[in-house]
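Welcome, and thanks for taking a look at this one. Please open the viewer and keep the sequence at hand while you read the briefing.

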Amino acid sequence: MQFPFHLIPAPLLAWYNTHKRTLAWRSDPTPYHVWVSEIMLQQTRVEAVKSYYDRFIEALPSVEALAACSEERLLKLWEGLGYYSRVRNMQKAARILVLEYGGVFPSDTEKLKKLPGIGAYTAGAIASIAFGRRAAAVDGNVLRVISRLTENPTEISDIAYKRALEKTLTDIYPETAEKCSAFTQSLFELGALVCKPTSPDCEACPLRALCLAYKHGNQSLFPVLPAKKAKRRESVYVFLLETPEGFCVRRREAGVLKGMNEFPSAVYERETAEQVLNGWGVYEFTEMKRKKYTHVFTHIIWDITCVWAQADVAPFDAYALDEIEESISLPTAFKQCLSILQ
Ligand code: SF4
């Protein structure tokens, strides 16, 4: 028997009307606001996104402002969110929007998907939430909810499954723009507040009567997740090298976080920190202070040894600590090294 998808919108919209959270990007859902919030939410929890979102929108209130922003300021505004290629793509897209669309977002998902960094999910979110179009936005939350409702045994990483679900959901979108906007958000909200990854609150769920996983007590079996791949580990020195001009900072030329600023770092196997400094032409330095920590990227884990030392010679550009904190963007993997100074 086919799952009755068409029975989802009515109870879900009624629930959403009374349970939705007040969020800054919901109070004024312009395409720009939806876009910025959705890109941020792809990598960070709602609670953590709030302050980043407010700061970003205050500094760059429009597509035009984003298009014109300097790279260093842009990366500083994104500092702490990670996945810096996303904000770089946002700026590329903003420049195209300004040049080719007069700064106005298209409402059509196919046109949106042609912009850098905008895939089917983000295009669906912008088209439905901001423009009230009938366009599904299927993310991990939505896949989890639907996989449980239907007890679908397909791995949620399966692209064909996702595409088919986008089509199935688009077909059941309500007729009015206001309800289309609410329907996308109601699916996100149900996944975030009720049909949570490890402990779904089924007694509070407006879709309980339809849910096959609930009916069979199979909630923990769905969604079917792909097997996790083991992450590669690397040992890395990060040098907090203090010189008369300040602390050394340079651009990463390769590897993870390529193009970002860093406190000079080096992947090592047996090399000592002293040998790395010698390799940079630094032979005279004070006794070193060290602190170890771990930083987890998507595919790699860094076992970091942060090394602080003072030297008379700066092998790279150097900046005062105030300047680093105020205007130089540093990914968290490096920034946390500053705690060695406390
Ligand atoms: S009844 Fe439970 S498992 Fe089913 S959709 Fe609702 S919260 Fe998720």
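Predicted model: local features only at pLDDT ≥ 70, side-chain atom pairs only at ≥ 80, totals over all residues.

The ligand sits in the largest cavity, and the helix pair to look at is α3 with α9, whose axes come within 9 Å.

**Helix pair**

- Two packed helices are described by the angle between their axes and the distance between the axes.
- Helix α3 covers residues 31-41 and helix α9 covers residues 120-130; their axes cross at roughly 140°.
- The crossing of α3 and α9 is right-handed.
- On the α3 side, the contact is made by P31, V34, W35, E38 and I39; on the α9 side, Y121, T122, A125, I126, I129 and A130 meet them.
- By class, the residues of this contact are 9 nonpolar, 1 polar and 1 charged.

**Ligand site**

- Around the ligand you will find R148, L149, V194, C195, P200, C202, C205, R208, C211, Y214 and Q219.
- This shell divides into 8 nonpolar, 1 polar and 2 charged residues.

**Backbone details**

- Most residues other than glycine have a negative phi, and most peptide bonds are trans.
- Y83 is not a glycine, yet its phi is positive, at about 45°.
- You can find Y83 in the loop between α6 (71-78) and α7 (84-101).
- F222 and P223 are joined by a cis peptide bond, with omega about 0°.
- P223 belongs to the loop between α13 (212-216) and β1 (232-243).

Key: Residues numbered from 1 in each chain as written. Heavy atoms only, no water. Axes fitted to C-alpha atoms, helices over the stretch in contact; angles between N-to-C directions. Helix = DSSP H or I, 4+ residues; strand = E, 2+ residues; numbered from the N terminus. Left-handed = near helix turned anticlockwise from the far one by under 90°. Contact = heavy atoms within 4.5 Å. Nonpolar A, V, L, I, M, F, W, Y, C, P; charged D, E, K, R; others polar. Near = heavy atom within 4 Å. 1 Å grid on protein atoms, 1.4 Å probe; cavity = no way out; pocket = protein on both sides within 12 Å on 5 of 7 lines; lining within 4 Å. Sits in = over half its atoms within 2 Å of the grid points.
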